[in-house]
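Dear colleague,

I am passing on the structure that we discussed, and my notes on it follow below. Please have it open while you read.

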Amino acid sequence: MSIDKETKEIIEKLLLRGNTLLGETCPVCGFPLIYIKDIGLKFCPKCKKYVITSEADLEKARSLGMKEDDMILTIEKKESKRREPPKDAIGELIYEILKLVRQGKYDEALIVAQIVKILSSI
Ligand SMILES: [Zn+2]
């Protein structure tokens, strides 16, 4: 991987200040990250952005006044944040099942029923 002059200078500056090069790499460009000890965040010298990997990192970055544009967010969404399907969608599908059953299309009805099952278990 080639390093451009600007990136190289940033790395040198950061390392001279006692920050450490990490084994982790940037999820965007694959460049090794630098741990900025003063603020406790990981920084990609190539993207010139902070890589946020946890809720704690995000809080830290926000408290430092960083905007999401200055960060690369890799936090996995929590289960509770999963989007619920709109209730109307399930209602419509159930109506569809009834319609299919009335038409004698049992196989199709079964498939739609499985979709409803999946949707309602999310
Ligand atoms: Zn990067």
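Leaving aside neighbours within four places in sequence, Phe-43 is in contact (C-beta atoms, placed from the backbone, within 7 Å) with Leu-33, Ile-34, Ile-36 and Tyr-50. This is a predicted model, in which local features need pLDDT of at least 70 and side-chain atom pairs count only at pLDDT 80 or more, while totals for chains, interfaces and linings use all residues. Residues are numbered from 1 along each chain as its sequence is written.

Phe-43 also belongs to the largest nonpolar core, which has nine residues, including Leu-33, Val-51 and Ala-61; strand 2 (32-36), strand 3 (41-44) and strand 4 (49-52) each give two or more residues to this core. Such a core is a set of buried Ala, Val, Leu, Ile, Met, Phe, Trp, Tyr and Cys residues joined through C-beta atoms within 7 Å, where buried means that 20 or more other C-beta atoms lie within 10 Å of a residue's own, the C-beta atoms being placed from the backbone.

Helices (H or I, at least four residues) and strands (E, at least two) are DSSP runs, numbered from the N terminus. Strand 1 pairs with strand 2 in the antiparallel sense over three bridges, and Thr-25 stands opposite Pro-32 in strand 2.

Of the 12 residues of helix 1, the number buried is zero, so this helix lies largely in the open; Gly-18, whose phi is positive, near 90 degrees, follows helix 1.

With best regards

Note on methods
Contact = placed C-beta atoms within 7 Å. Pairing = 2+ DSSP bridges.
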